[in-house]
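The entries follow the order in which I looked things up.

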Amino acid sequence: MASYANNLSSINNKTINVQDLKKIQQQEENYLIDWIKLSKNLPKDIAVNRPFRENILALFICIYSKTPLFICGKPGSSKTISVNIIKETFIKKIRPKTDEQKKLEFFNGFKKIRQFYYQGSQQSTDVGIERVFQNAKKNKNKEQVSLVFFDEIG
């Protein structure tokens with residue numbers, strides 16, 4: 001984590017170019033993927049490719065900043081699996097054992113995720129969709145952040 005802070009401070013008061021932003025994004029993705037691996041929530045048959053990494057980072061940022069996010073893509077582009085992995089990773093606290101793992105310990109400070117799931121279909125109605133959002137708003141547990149997951153919007 002210290003190297004991440006050093007990278008940010010080294011570009012402070014400078015014009016940030018695309019390469020700097022890509023480095024920061026890649027480093028943030030690496031930390032998240034390392035944390036997911038440490039939590040043992042990354043199935044062995046999942047390719048940690050660019051779309052997966054971008055989905056994971058976007059989900060993490062948007063869930064904890066309470067920013068709506070729509071992830072669109074072709075079947076097999078890691079949309080649903082990304083949501084499930086992030087949800088499972090942030091349900092429990094992880095105890096890092098090695099010094100290398102301890103640099104990731106700050107992730108334990110994030111709230112647990114409580115998912116409210118809605119399976120979209122041709123029969124979906126605005127009433128059904130609104131009910132899911134209302135249920136999420138009713139979640140008053142201060143130790144959790146609500147995630148409304150609307151699968152198969154199309």
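This is a predicted model: local features need pLDDT of at least 70, side-chain atom pairs count only at pLDDT 80 or more; totals for chains, interfaces and linings use all residues.

Entry 1, layout. I read the elements from the N terminus on, and they run α-α-α-α-α-β-α-β. That gives six helices and two strands in the chain. Helices (H or I, at least four residues) and strands (E, at least two) are DSSP runs, numbered from the N terminus.

Residues are numbered from 1 along each chain as its sequence is written, and side-chain values use heavy atoms, with hydrogens and water left out.

The C-alpha atoms fill a box of roughly 50 × 35 × 35 Å, taken along the principal axes. I looked up burial next: of the 154 residues, 32% count as buried. Buried means under 20% relative accessible area, exposed over 50%, and partly exposed in between (1.4 Å probe, protein chains only). I then looked up contacts (heavy atoms within 4.5 Å). Among those between residues at least 6 apart in sequence, 67% join residues at least 24 apart.

I found Ala136 in helix α6, residues 126–137. Is Ala136 buried or exposed? Ala136 counts as buried because its relative accessibility is 9%. Leaving aside neighbours within four places in sequence, Ala136 is in contact with Phe116, Ser146 and Val148. Ser146 is ten residues from Ala136 along the chain, and their C-alpha atoms are separated by 5.9 Å.

Which residues of α4 are buried? I listed Ser82, Val83, Ile85, Ile86, Lys87 and Thr89. What covers them includes the helices α2 (18–38) and α3, and the strands β1 (112–119) and β2 (144–151).

I looked up 26 positive and 15 negative side chains, and the centres of the two sets lie 4 Å apart. Lys and Arg count as positive and Asp and Glu as negative; His and the chain ends are not counted. I placed Lys66 in the loop between α3 (50–64) and α4 (79–89). Lys66 counts as exposed because its relative accessibility is 66%.

Conventions
The place of a charge is taken as NZ of Lys, CZ of Arg, CG of Asp or CD of Glu.
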